Number of protein chains: 2
Amino acid sequence: MSYSIGEAAKMVGLTAHTLRFYDKEGLLPFVKKTSSGLRAFTESDIEWLKIIECLKGTGLPLKQIKQYIDWCMEGDTTIPQRLNMFIEQKKHVEEQKAKWEKHLEKINFKIKYYEDAAQHGNLNVFERNPKLLEEKKRLFKD
Amino acid sequence: MSYSIGEAAKMVGLTAHTLRFYDKEGLLPFVKKTSSGLRAFTESDIEWLKIIECLKGTGLPLKQIKQYIDWCMEGDTTIPQRLNMFIEQKKHVEEQKAKWEKHLEKINFKIKYYEDAAQHGNLNVFERNPKLLEEKKRLFKD
DNA sequence: TTAATCTTTAGAGTTAACTCTAAGTCAAGA
DNA sequence: TCTTGACTTAGAGTTAACTCTAAAGATTAA
């Protein structure tokens, strides 16, 4: 059994347009066509799409995703490159997570700040709560 | 004391080009100019830049960042909108974090998979390690 | 069998966020 | 004072990733 481009698109949360675009960019060399020229997505193709989504969702550009797909098509000799790519991507994700953690601290500070401001209808927050000023200094020092 | 556009750029890890672009887009209405027309960034301006970086770094588009800056310039009446924006952004960051966590699981799986493949020089990983196949099914089921 | 809906292609258009260029102005050191 | 490098503007160009259009062919339900 196989899926049409529209069905496949729905399954992975993309549009058929986007899947055609990916195909044009060489990201879907594994997708076969029916005798009448329609793309037929297999279960395995859907898994490929999920890996592509995973890589794209963690910030890998389509060009590098294509590089990975090319390696996969090339065969067993490219296993080290592929392993390396995922190790690098793991590093990248963990760096991003750390960055987001820092951003989240600033956002939490702003929420506290504006909650106090909203309660009193003005921005004299630090006069009312000097500890928040200390926190601000800590968060924005670097 | 104040900083030139180049100094400010270096301090926040952007280029002078980018800061001029942000200015043109209306993101830096607070930056004053010297009598001869050069931008002079104050310490407070640098803090603004850091907040902009925080919002941009967590995926808020420049247009919405401009909306926030506009609210700040408008005065105390926009405090509720600003509070709401940061609450929404916090939600967004936490959703992203959860998504990245899921992606990271897939990446970790791929690392295990390719480590085994690299060790044996071929991709018969699931024959050697059926438990990994179970893990794959779990990770890619949805 | 026919209408509605889907799919095909090539190729044009869009959006966000830069990134660079040119031609001129300003500032700091020798 | 002169030179070097940083700054100014307006505006053009770039990149990534879609997003859409048009015209034609395929599939499906009535």
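The following dialogue examines how terms are applied to a predicted model of two chains, A and B.

Tutor: Local features here need pLDDT of at least 70, side-chain atom pairs count only at pLDDT 80 or more, and totals for chains, interfaces and linings use all residues. Residues are numbered from 1 along each chain as its sequence is written, chains are lettered from A in the order in which they are written, and side-chain values use heavy atoms, with hydrogens and water left out.

Student: How do you know whether A:Tyr114 and B:Phe86 are buried or exposed?

Tutor: Buried means under 20% relative accessible area, exposed over 50%, and partly exposed in between (1.4 Å probe, protein chains only). A:Tyr114 has 2% relative accessibility and therefore counts as buried; B:Phe86, at 0%, is buried too.

Student: What makes the pair of B:Phe109 and B:Phe140 edge-to-face?

Tutor: The ring centres of B:Phe109 and B:Phe140 are 6.2 Å apart, and the planes stand at 70°, so the pair is edge-to-face. The pair links distant parts of the chain, B:Phe109 being in helix α5 and B:Phe140 in helix α7 (residues 130-140) of chain B, 31 residues apart. B:Phe109 is buried at 2% relative accessibility, as is B:Phe140 at 8%. Both belong to one aromatic cluster, whose members include A:Phe86 and B:Tyr114. The structure holds 19 aromatic pairs over all chains.

Student: Why are the buried residues of α7(A) said to line one face of the helix?

Tutor: The buried residues of this helix (residues 130-140) are A:Leu132, A:Glu135, A:Lys136, A:Leu139 and A:Phe140. Seen down the axis of α7(A), they fall within an arc of 115°, so they line one face; the arc is that of the directions from the helix axis to the C-beta atoms. They pack against α5 (79-120) and α6 (125-128) of chain A together with α3 (43-57) of chain B.

Student: Why is A:Lys106 said to lie over the face of A:Phe140?

Tutor: A charge sits over a ring if NZ of Lys or CZ of Arg is within 6 Å of the ring centre and within 35 degrees of the ring normal. A:Lys106 lies over the face of A:Phe140, at 5.7 Å from the ring centre. B:Lys110 sits over the ring of B:Tyr113, at 5.5 Å from its centre.

Student: What makes A:Glu101 and B:Lys97 a salt bridge?

Tutor: A salt bridge is a side-chain nitrogen of Lys or Arg within 4 Å of a carboxyl oxygen of Asp or Glu. The closest N and O atoms of A:Glu101 and B:Lys97 are 3.3 Å apart, so the pair meets the definition. The count between chain A and chain B is 4 salt bridges.

Student: How many residues of each chain are in contact with the other?

Tutor: In chain A, 41 residues are in contact with 41 residues of chain B, contact meaning heavy atoms within 4.5 Å.

Definitions and conventions
Helix = DSSP H or I, 4+ residues; strand = E, 2+ residues; numbered from the N terminus. Phe/Tyr/Trp six-rings, centres within 6.5 Å; stacked < 30°, edge-to-face > 60°.
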